[in-house]
Amino acid sequence: MEIIENLSDLDLINKYRPLALIPTMGNLHEGHLGLIKYALKLNLSPMVTIFVNPLQFGPAEDFSKYPRTIEEDLRLLKKEKCKLVFIPDGKKILENIKELKAPFSNFLCSKSRPGHFDGVLTIVNRFLELIKPEYCIFGQKDFQQQLIIKEHLKNSELSTKLITNPIIRDKNGLALSSRNNYLSKRDKLKAAKIYFYLKEISAELIKVILNKNDFKKELDFLKSSYREIFLKENFKVDYLEFVNAKTLEDLKKKDSEILIAVAINYAGVRLIDNIFLTRPIS
Ligand code: AMP
């Protein structure tokens, strides 16, 4: 495995093409490793970037305490047979960076994390321009993020294609995330209930879509019922939304791609999760 730290060494990636760029903030877990496995399955050389990007953290967020576990990350990457790792120096990578505005900035996570996706897109674009990977791989756990990257690629000169990978979960259903490390064992178990409820919600949502009652009224009722349920569990709901998965606009009855997305603050940790559905044929 090649570990690259200097921008001037990036030339050596060329012998590994076609590349699948996998941007991460490190503290790797099976969710990240799933992206590497997928790249290898597609006969692409995974190139993982590890960079805790200050541009995507708000002033009251956890940039300084974000888990940094580089030695363990490298061990996992070697074990996974990752080909390339890029660990850029913060100063060098951010120098004269082209600051970008992310699309889809009025929806979901953008509302309570203003500027977050601008920071994500700015650094991802920098990596894309430097590395010019044939593909990049993002997880569907950060559904809005992959949509933003997809839209950016569509509207830019870059020839990189986007690949997405489904959410990797713990045995109990909790979506894997580096931020789960902030939770105690007991709290992780409790947080797994988020997915349990998401599955219930998706079953209810299908019924609402297929019945002939007032769609908007029933959606509102479903949303407020589960907001209450989450609250009773001590889950502070930032949002629970039913949206068109292509546009993130409020769901309409005939929409064919559906996203149920939730962001919850629990035990001082912000947790996001989602379920993607396609409309049943009626
Ligand atoms: P992060 O290190 O949190 O910025 O995540 C890096 C990449 O890994 C992003 O594309 C995430 O969507 C993806 N990822 C993180 N956790 C998961 C998961 N549980 N399942 C699938 N992809 C994930």
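How many nonpolar, polar and charged residues are in the lining of the largest pocket?

## Largest pocket

The lining has 3 nonpolar, 3 polar and 7 charged residues. Asp, Glu, Lys and Arg count as charged; Ala, Val, Leu, Ile, Met, Phe, Trp, Tyr, Cys and Pro as nonpolar; the others, Gly among them, as polar. The pocket's volume is about 270 Å³. Of its 13 lining residues, the closest to the centre are E61, D62, N265, G268 and R270.

A pocket is an open set of points on a 1 Å grid over the protein atoms alone, where a 1.4 Å probe fits, with protein on both sides within 12 Å along at least five of seven lines; lining residues have an atom within 4 Å of a point. The volume is the space filled by probe spheres set on the points, joined across faces, edges and corners.

## Basis

The model is predicted: local features need pLDDT of at least 70, side-chain atom pairs count only at pLDDT 80 or more, and totals for chains, interfaces and linings use all residues. Numbering runs from 1 along each chain as its sequence is written, and side-chain values use heavy atoms, without hydrogens and water.

## Helix α2

In α2 (a DSSP run of H or I, at least four residues), D73, L74, L76 and L77 are buried (under 20% relative accessible area, 1.4 Å probe, protein chains only). They line one face, because they fall within an arc of 165° seen down the axis; the arc uses directions from the helix axis to the C-beta atoms. Turned away from that side are E71, K78 and K79, which are exposed (over 50%).

After α2 comes K81, with a positive phi near 65°.

Definitions and conventions:
Helix = DSSP H or I, 4+ residues; strand = E, 2+ residues; numbered from the N terminus.
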